[in-house]
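Open the model in your viewer and keep the selection panel at hand.

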Amino acid sequence: MKILVINCGSSSLKYQLFDMDNEEVMAKGLVERIGIEGSRLEQEVGDAEWAQETAIPDHNKAVQLVFAALTDAEHGVISDMNEIDAVGHRVVHGGEKFTDSILIDDAVIAAIEQYIPFSPLHNPANLQGIKAAQEALPGKPNVAVFDTSFHQSMPAENYMYALPYELYKEHGIRRYGFHGTSHHFVTLRAAELMDIPVDQLNIISCHLGNGSSVTAVKNGKSYITSMGQTPLAGVPMGTRCGDIDPAIVTFLQNQLGKSAKEVDTIMNKESGVAGISGVSSDFRDLENASKDGNERAQLALDMFHARVRETVAGYAADLGHVDAITFTGGIGENGAGDRSAICKGLEIMGVKLDESINGQRKPKEKKISAEDSAIQVWVIPTNEELMIARDTMRLAK
């Protein structure tokens with residue numbers, strides 16, 4: 001069974017084509033700068049890479065280019081799009097309606113549209129990808145896999161905000177959480193690596209990248225997570241502020257005359273480690289600047305490490321027993337220094353790294369805790385696309 005996985009961002013589209021008979025990646029690629037000058041498609045088939053620069057005004061055109069690339073006589077991997085049996089789509093926000101992935105129909109599309117106010121940057125792009133795939137492959141199953149669904153197991157005391165209860169009942173204001181597909185994949189993989197039944201596994205999963213979230217997993221299910229109603233909450237991120245005093249919002253509006261939209265832009269696009277450092281949202285740039293003596297770059301790193309560390313420690317208290325702390329995402333998988341800095345201070349929990357293993361670039365999947373560490377620490381590269389493909393195959397069948 002061949003499954004195409006599509007992940008639409010606001011100005012990009014990532015894709016992978018799987019042969020699910022052996023979970024082999026037949027091809028993968030990226031369409032970037034959609035609607036922006038300099039748009040291009042890049043595709044990898046094995047070790048071969050191919051790129052095409054062309055005008056890509058919208059996601060519909062992007063999907064058409066993906067199909068053309070996959071069937072290209074020289075660079076493609078299939079002769080006809082009808083070889084694709086189903087399409088899986090990453091959808092960021094599914095609210096309380098979806099506790100699992102689901103076959104897409106008109107009612108599902110309406111529900112995704114309903115949650116656009118909670119995810120204005122992502123859900124509209126996700127919808128464009130869905131509609132473009134439906135148009136290009138009529139009659140083929142399309143499946144929505146939600147970032148939020150894994151977190152629907154959280155108990156009410158962990159997802160409710162201390163606001164008037166009517167705001168939850170009437171407007172759905174609550175913690176939803178994100179990166180659920182990634183946290184779910186890491187949970188399942190950690191259970192395999194540690195030889196613990198997943199329904200008995202307690203881990204603290206750190207998905208650290210330009211967007212970062214920490215999730216406490218209790219008995220294999222999400223128990224509490226750092227992101228909230230939107231992906232803005234939690235630890236500081238590349239350009240997002242994370243948790244702040246909510247009164248800062250009204251202060252900026254009242255004292256500086258900022259509109260709600262302007263404040264939203266500041267918090268989502270001008271804050272985080274980029275806003276603190278004044279250098280970049282890329283942690284590699286921050287590390288280089290810090291080595292050159294840039295104090296603001298070092299401050300940004302210190303703030304990030306401290307917030308992740310205190311979140312991990314707090315979640316350990318919530319869980320009571322922790323089998324492992326896991327790191328994934330671009331920073332979690334590649335940032336040996338970041339992992340080390342976060343774990344310093346967790347000695348009170350009995351955490352101890354083996355720095356010789358932590359510093360190794362390969363293999364990426366590895367246990368980095370010392371043998372006498374009370375809690376195991378693992379690096380587990382995430383594979384959201386494979387999780388989406390598995391769910392798509394299950395539902396399409």
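A cavity here is a set of points, on a 1 Å grid over the protein atoms alone, where a 1.4 Å probe fits but cannot get out. Grid points are joined across faces, edges and corners, and the volume is the space filled by probe spheres set on the points. The model is predicted: local features need pLDDT of at least 70, side-chain atom pairs count only at pLDDT 80 or more, and totals for chains, interfaces and linings use all residues. Residues are numbered from 1 along each chain as its sequence is written, and side-chain values use heavy atoms, with hydrogens and water left out.

Select Met160, Tyr161, Leu163, Pro164, Leu167, Tyr168 and Ile173, which line the largest cavity; lining residues have an atom within 4 Å of a point. The volume of this cavity is about 30 Å³. Its lining has 7 nonpolar, no polar and no charged residues, where Ala, Val, Leu, Ile, Met, Phe, Trp, Tyr, Cys and Pro count as nonpolar, Asp, Glu, Lys and Arg as charged, and the others, Gly among them, as polar.

Next, show the open sheet of 8 strands, ordered β5-β4-β3-β2-β1-β6-β8-β7 with mixed pairing. β5 (48-53) and β7 (102-103) stand at the edges with a single partner strand each, so one side of each has no neighbour in the sheet. Strands (E, at least two residues) and helices (H or I, at least four) are DSSP runs, numbered from the N terminus; two strands pair if DSSP finds at least two bridges between them.

Within this sheet, select β1 (residues 2-8) and β6 (residues 86-91), a parallel pair with 4 bridges. Leu4 stands opposite Val87 in β6.

Move to Gln152, in the loop between β8 and α4 (156-159). Is Gln152 buried or exposed? At 18% relative accessibility, Gln152 counts as buried, a term for under 20% relative accessible area, with exposed over 50% and partly exposed in between (1.4 Å probe, protein chains only).

Finish at β12 (residues 324-328), where 5 of 5 residues are buried. β12 pairs in the parallel sense with β9 (residues 203-207) over 5 bridges and with β14 (residues 376-379) over 4 bridges.

Technical notes: On a 1 Å grid over the protein atoms alone, a cavity is a set of points where a 1.4 Å probe fits but cannot get out, and a pocket is an open set with protein on both sides within 12 Å along at least five of seven lines; lining residues have an atom within 4 Å of a point.
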